[in-house]
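Please find below a colleague's note on this entry.

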Amino acid sequence: MATIALVGGEVATPSGELRRGTVVVRGSTIATINPEGGCPPEAEVIDARGRVVSPGFIDVHIHGAAGHDIMDATPEALAAISGFAAQHGVTGFLPTTVTAGLEATWAAIGAVDELQRAGAPGAAALGVHLEGPYISGERMGAQNPAHVRGAEPSEYVRLFELGNIRLISLAPEMPGIERLVRFAVARGAAVAVGHSSATYDQVLAAVGWGLSQATHTYNAMREMHHREPGATGAVLTCDAIYAQVIVDLVHVHPAMVKLLVRAKGPDRAVLVTDAMRAAGMPDGRYDLGGQETIVKGGEARLPAGNLAGSTLTMERAVRNVMGAAELTLPQALRLATRNPAASIGLGGRKGQLAPGYDADIVLLDADLRVALTMVGGRVVYRA
Ligand SMILES: [Zn+2]
């Protein structure tokens, strides 16, 4: 088994500090984290001096990048997105569908399954995030209203049988949803409130069924009012809910990012990109779920003006949240590593640099540019 030592970097510890040390990787897992100098003689050395050694980022909400979309459902598209994500420090991601026709959704789930089996060239696909189609017609955002449907068991059971569904975003107030939430949780998926007009009480009822996450908090969600906290108020105040947030400083005002991070504390805020195919591409016209999207100054919108995903990358989200919420780097890294891993039930093996954990590691320069990305002990990207 190959041994690799990342030597002399500032290691982000599970306790949330940076400490100089050496991370020793054996095979696909982390063997030990030694104080400075502790490098086994047989190890292949990676010089990490002057760099931060962080657990790899985990993006649980990404539709596309580099000109490709999960809904393209081809091996080339998924490989390109996996490679692009790795260049931005992501070691694990949930390819995310949009509300679409059944056959398009089947194809996307099948393509992710194939990528998982064949092995991704960059970031690993950790399963599928189904965003819709069981959402509210009142909170479409950039989802396509033509394909919103009621939750029909014969239909969603099939979706779960076709692949590894790890997260599903839905509107708890829609008919038939309790049964779906209980089914999804029993199958090992996490359930998120998203694209929803649910009231405060409706979200708390869904937490009782097993709901544990919120998709892009604030966006496409019933707003907070001091007499009816709404879905947003439930997400901010219920400790059982992991709150995804898009910190591109376009989707959410920095003050509301700060409010979310303070309300959720160190363990329950989750950075996501919600990136679409224009991430890493020039401004222009693109497609999202069959709808034309215009990207200008990096902002993606439908012709009507609705935000349509982002062109955000995870290392920029980390930088942005430090500023918006006044976090230190180790505090911000947690929102991109440990919390997203825990939010999808992978907290026992991903999201931390600790012995026995998967060797999913990113080296960051002082200005947070990604210098190297390692997935399961394999270097998949070097700047
Ligand atoms: Zn969405």
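The numbered points below refer to a predicted model.

1. Domain organisation. The assignment divides the protein chain into domain 1, comprising 3–54 + 354–382, and domain 2, comprising 56–343. Taken over C-alpha atoms, the centres of domain 1 and domain 2 are 29 Å apart.

2. Contact between the domains. Domain 1 contributes 18 residues to the contact, and domain 2 contributes 21 residues. On the side of domain 1 that touches domain 2, at least two residues come from each of β5 (52–55), β20 (361–364), β21 (370–375) and β22 (378–382). By class, the residues on this side of domain 1 comprise 11 nonpolar, four polar and three charged.

3. Helix packing. Helix α7 (residues 254–268) and helix α8 (residues 314–325) have axes that come within 8 Å and cross at roughly 85°. Because angles of 65 to 115 degrees count as roughly perpendicular, α7 is described as roughly perpendicular to α8. From α7, the contact involves P254, V257, K258 and V261, while α8 provides V321, A324 and A325. The contact of α7 with α8 has six nonpolar residues, one charged residue and no polar residues.

4. Three-stranded sheet. Strands in the order β17-β18-β19 form an open sheet with antiparallel pairing. At the edges lie β17 (284–288) and β19 (299–301), each of which pairs on one side only. From one strand to the next, the twist averages 35°.

5. Pairing of β18 with β19. Strand β18 (residues 291–296) runs antiparallel to β19 and is joined to it by three bridges. V295 is positioned opposite A300 in β19.

How values were computed. Residues numbered from 1 in each chain as written. Predicted model: local features only at pLDDT ≥ 70, side-chain atom pairs only at ≥ 80, totals over all residues. Domains from an automatic or database assignment. Contact = placed C-beta atoms within 7 Å. Helix = DSSP H or I, 4+ residues; strand = E, 2+ residues; numbered from the N terminus. Nonpolar A, V, L, I, M, F, W, Y, C, P; charged D, E, K, R; others polar. Axes fitted to C-alpha atoms, helices over the stretch in contact; angles between N-to-C directions. Parallel < 35°, antiparallel > 145°, perpendicular 65-115°, else oblique. Pairing = 2+ DSSP bridges.
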